[in-house]
Amino acid sequence: MFDNLKILYHQGKQFIPDVTNARIPGIFRGRPVITTTKVDGQALMDVCPTNAITLNPVTIDLGKCTFCGECARLFPEKISFTNDYRISTNDRQRLLVSEGQTTQIEVNPAIVRPEIHRLFKRSLKLRQVSAGGDNSCEWELNASNNVQFDMSRFGIEFVASPRHADGIVITGPISENMAEPLQICYDAVPDPKIIVLVGTDAISGGIYADSPALDRSFTEKYPIDLFIPGNPAHPLTIINGLLDLTRKK
Ligand code: SF4
């Protein structure tokens, strides 16, 4: 007992006290900043593997971006990535970052369904569905509840059964084979329920977007409550996105 207490004392607090203002050490690509400097637009578009860059004005779609960094490496005078990890939103249009834009990406309170604040602000149980995922976003969702990020302190947890859940979290580009299991899982969650897409693959199909092996009709059939970009998404992006969606500021 005494030895265990000594270990706890020496380890100190391992959790991040303030997940809204934590700094990410090392290399991390978050919200991009695009300058108004003129560059060869076609050449810029051509470096992007997912067609995330469009022109007039130069815009990056964070729902398609894999955060590979190639555009910033080849056009450093035009594009750079900040370490701003608060890039989740419920408004798909807000994932489009245009040149000259320096504002943060936020949840749009005007389109949050009222029952989300009313019912889920203190407790949110989620069922995760990996719909053809590569296990990267799944790892980060797992990490969101580890001792450092400790998402469960906010009442947000994953549950095994969709019948115990308030919503589903989808990762992966939604392969044809996973379309039906995803639908079955969604149907098993009691109303009212939310849908969260985590990662580039889930939001747009990512590098698989044009594959005939995908069936993304689910994302067109239902309104999406939260888009959490990243490839994979960072735990701080995940946690802040869910907090911003469920809690009024
Ligand atoms: S970082 Fe994003 S926008 Fe830039 S090349 Fe990679 S996928 Fe395209």
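Trainee: Phe67: buried or exposed?
Mentor: Phe67 is buried, at 9% relative accessible area. Buried means under 20%, exposed over 50%, partly exposed in between, using a 1.4 Å probe and protein chains only. This is a predicted model, where local features need pLDDT of at least 70, side-chain atom pairs count only at pLDDT 80 or more, and totals for chains, interfaces and linings use all residues. Residues are numbered from 1 along each chain as its sequence is written, and side-chain values use heavy atoms, with hydrogens and water left out.
Trainee: What about the phi of Phe67?
Mentor: Positive, about 60°, though Phe67 is not a glycine. Most residues other than glycine have a negative phi.
Trainee: Where does Phe67 lie?
Mentor: In the loop between β3 and α3 (70-74). Helices (H or I, at least four residues) and strands (E, at least two) are DSSP runs, numbered from the N terminus. Phe67 is also one of the residues surrounding the ligand, meaning a heavy atom within 4 Å.
Trainee: And Asp150, what's its phi?
Mentor: Also positive, about 50°, and Asp150 is not a glycine either. Asp150 is partly exposed, at 22% relative accessibility. Its loop runs between α5 (136-143) and β7 (156-158).
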